[in-house]
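Subject: Structure handover

Hello,

Here is the structure I promised to pass on. Please open it first, then read my notes below.

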Amino acid sequence: MMVLLREYKDIDIVEMTDIWNAVVEDGIAFPQVESLSYSEAEEYFSDQTYCGVAEYRGDIAGLYILHPNNVGRCGHIGNTSYAVKENFRGKKIGRALVEDSIKRAKEFGFKILQFNAVVKTNYSAIHLYEDMGFKKLGMIPKGFLLKNGTYEDIILFYFEL
């Protein structure tokens, strides 16, 4: 599968928003509860340090956002979130997005990537991060409220760039 990884363009906002909102609405991976309107998404994506998309045959197959995990003396630590369109999952799009985000994070001067809330039941993400050399920092018991009203543990990961 030939995937083009690139910075997002305004023309991508509708597809990106639909992908992002699908993950939010699933209620099992992203902490957000509310979906974004297209205008909110336009502002949200433009506020990131970098926002990349994976394009396949003219369709946006996935995206990621990159931004500081914190400010000031901790501003060298980056954070990313990834979303892959449902019909493209299992096709290595996520891996391509993570690889690109590592490259971009270095370009923007980040020294570390830290993931604050990888839900324990997000097995494919956990497998990918471990396979790519991310290290587990620890676990927060019942740190994530699932859409069904139950709580699940979250795992913190980091990667030295």
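**The pockets**

By class, the lining of the second largest pocket holds seven nonpolar, two polar and two charged residues. Here Ala, Val, Leu, Ile, Met, Phe, Trp, Tyr, Cys and Pro count as nonpolar, Asp, Glu, Lys and Arg as charged, and the others, Gly among them, as polar.

Before more detail, two notes on the source. This is a predicted model: local features need pLDDT of at least 70, side-chain atom pairs count only at pLDDT 80 or more, and totals for chains, interfaces and linings use all residues. Residues are numbered from 1 along each chain as its sequence is written, and side-chain values use heavy atoms, with hydrogens and water left out.

Back to the second largest pocket. Its volume is about 160 Å³. Its lining is made up of Val24, Glu25, Gly27, Phe30, Pro31, Gln32, Val33, Phe144, Leu145, Leu146 and Lys147. H1 and E6 are the elements that give two or more residues to this lining. Helices (H or I, at least four residues) and strands (E, at least two) are DSSP runs, numbered from the N terminus.

The largest pocket has about 990 Å³ of space. A pocket is found on a 1 Å grid over the protein atoms alone: it is an open set of points where a 1.4 Å probe fits, with protein on both sides within 12 Å along at least five of seven lines, and lining residues have an atom within 4 Å of a point. Grid points are joined across faces, edges and corners, and a volume is the space filled by probe spheres set on the points.

The largest pocket is lined by 40 residues. Tyr82, Asn122, Ser124, Ala125 and Tyr129 lie nearest its centre. Two or more lining residues come from each of H1, E3, E4, helix H3 (93-107), E5 and helix H4 (123-131). E4 gives the most, with six residues. The lining of the largest pocket divides into 22 nonpolar, 13 polar and five charged residues.

**The sheet**

Seven strands form an open sheet with mixed pairing, in the order E1-E2-E3-E4-E5-E7-E6. Strand E1 (4-7) and strand E6 (135-145) are the edge strands, each pairing on one side only. Two strands pair if DSSP finds at least two bridges between them. From one strand to the next, the twist averages 25 degrees.

Helix H1 (residues 13-26) packs on this sheet and touches strand E2 (50-56), strand E3 (59-68) and strand E4 (77-84). Contact means heavy atoms within 4.5 Å. The direction of H1 makes about 75 degrees with that of E3. Axes are lines fitted to C-alpha atoms, for helices over the stretch in contact, and angles run from 0 to 180 degrees between N-to-C directions.

Now strand by strand. E3 and E4 are antiparallel, with seven bridges. Ile65 stands opposite Ser81 in E4. E4 and E5 run parallel and are joined by two bridges. Here Ile77 stands opposite Ile112 in E5. Six bridges join strand E5 (residues 112-119) to strand E7 (residues 151-160), in the antiparallel sense. Ile112 stands opposite Glu160 in E7.

Eight of the eight residues of E4 are buried, so E4 is largely enclosed by the rest of the structure. Buried means under 20% relative accessible area, exposed over 50%, and partly exposed in between (1.4 Å probe, protein chains only). Ile77, Asn79, Ser81 and Ala83 are buried on one side of E4, and Gly78, Thr80, Tyr82 and Val84 on the other.

**Single residues**

Ile13 sits in helix H1. Ile13 is buried, at 6% relative accessibility. Leaving out residues up to four places away in sequence, Ile13 touches Tyr8, Tyr38, Ala41, Glu42 and Phe45. Ile13 and Ile60 are 47 residues apart along the chain, with 9.7 Å between their C-alpha atoms.

Lys103 lies in helix H3. Lys103 is partly exposed, at 44% relative accessible area.

Most residues other than glycine have a negative phi. Arg57 has a positive phi, near 50 degrees. Arg57 is in the loop between E2 and E3, and is exposed at 73% relative accessibility. Lys142 also has a positive phi, near 55 degrees. Lys142 is in strand E6, and is exposed with a relative accessible area of 61%.

Best wishes
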